[in-house]
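Colleague: Hi! Could you walk me through this model while I look at it?
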Amino acid sequence: MAMTQLARELKAKGRDVIGLSAGESDFDTPQHIGEAAVKAIRDGKTRYTAVDGVPELKDAIIEKFKRENGLTYSPSEINVSPGGKPVIFNALAVTLNPGDEVIIPAPCWVSYPGMVSLLGATPIIVSCGVDTGFRLSAEALEAAITPKTKWLMLNSPSNPTGSAYSREDLAALAEVLRRYPEILVLSDDIYEHLIYDGFEFATLASVAPDLKHRVLTMNGVSKAYAMTGWRIGYAGGPDWLIKAMAKYMGQTTSNPASISQWAAVAALNGPQDFISEARAAYNTRRKNVVNAINSAKGLSCREPEGAFYAFFDCREVLRDKIETDSDFTKSLLGETGVALVPGSAFHAPGFVRLSYAADPKLLEDACARLDQFCQAL
């Protein structure tokens, strides 16, 4: 967000800036979803709702989990919050105490450790290098567990790397988790529909049904349906946790926006063609961007399985006054007008994140500038 804001400020001053720092689709929200929101306004559905979601949206979420993930939930096991981030924060807020530990595989989304720390608990960052596909192994998980471990956080496909866990990967982690029945698992599936080249999406609760009672499976409409600004996240989980999250919401945010909830009903229940069309466009961009980065002098990028990020290694070009990935991104923005995010923000120093959720011509231009910048280094 800081890099995106800096890019906006430079653009406002007349600079030629290409912003590839935000994790946000460049597509418009599908028309039928917007029309459902307008209809909700005209029908007077603009008042307070149940704190954690209208029954119609909970029903749509239940059907989505059944249809796409083979998971069965009751309405009392469904939470709807004003965005995916509140889903995660609320779950942590009602379960963490000072001294508790949360295992977070890194590279990781910047907000995970911050949320844990805000609540007085301790984030346990487990570095997962490019040699493991940026994925947490069963051995690394076992080594990170202590008597203080309360949660394991999994994000697949991942922000920032785009890496995804296969069924086999998740089954191996499940074997470890079975030996520690007190550990809860947050499965962040927000990029579920953005997967490529035939990779099969899998989520822990369906891979290991015996663990479902201690897994919170979180998702939302923001990435799949280009609805970031609508602020609707949701989750399925054990009744006791969902009830506690609703109680917490009652004293903090209260309900998500009523209009957004009806738009989300239309998204989940309506035509799904948009998803495959957007995914095909992202896939073309992914291949072009990864190829361009790997052709740039001194850079290397693993081809991601999902999401809309390229996470590349810039360590070979770090020298002189550009000693860190943060120096790299600041200099790149200052000299070429291309805004990216340093990997250190994701607990992965020496790497940089590029979002290819942007116009293909802009991506081509940005990659050319990136290549020129690296040649100069």
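Modeller: Happy to. A helix's expected span is 1.5 Å times one less than its number of residues, and helices here are DSSP runs (H or I, at least four residues), numbered from the N terminus. This is a predicted model, where local features need pLDDT of at least 70 and side-chain atom pairs count only at pLDDT 80 or more. Residues are numbered from 1 along each chain, and side-chain values use heavy atoms, without hydrogens or water.

Colleague: Okay, how far does α10 reach from its first C-alpha to its last?
Modeller: α10 (residues 258-269) spans 17 Å, close to the 16 Å expected.

Colleague: Switching topic: how do α4 and α9 cross?
Modeller: Their axes, lines fitted to C-alpha atoms over the stretch in contact, come within 9 Å and cross at roughly 105 degrees. The two helices are therefore roughly perpendicular, a label for angles of 65 to 115 degrees on a 0 to 180 scale between N-to-C directions.

Colleague: Which residues meet there?
Modeller: On the α4 side, Val87, Phe89, Asn90, Ala91 and Ala93; on the α9 side, Leu241, Met245, Tyr248 and Met249.

Methods
Angles under 35 degrees count as roughly parallel, over 145 as roughly antiparallel, 65 to 115 as roughly perpendicular and the rest as oblique. Contact means heavy atoms within 4.5 Å.
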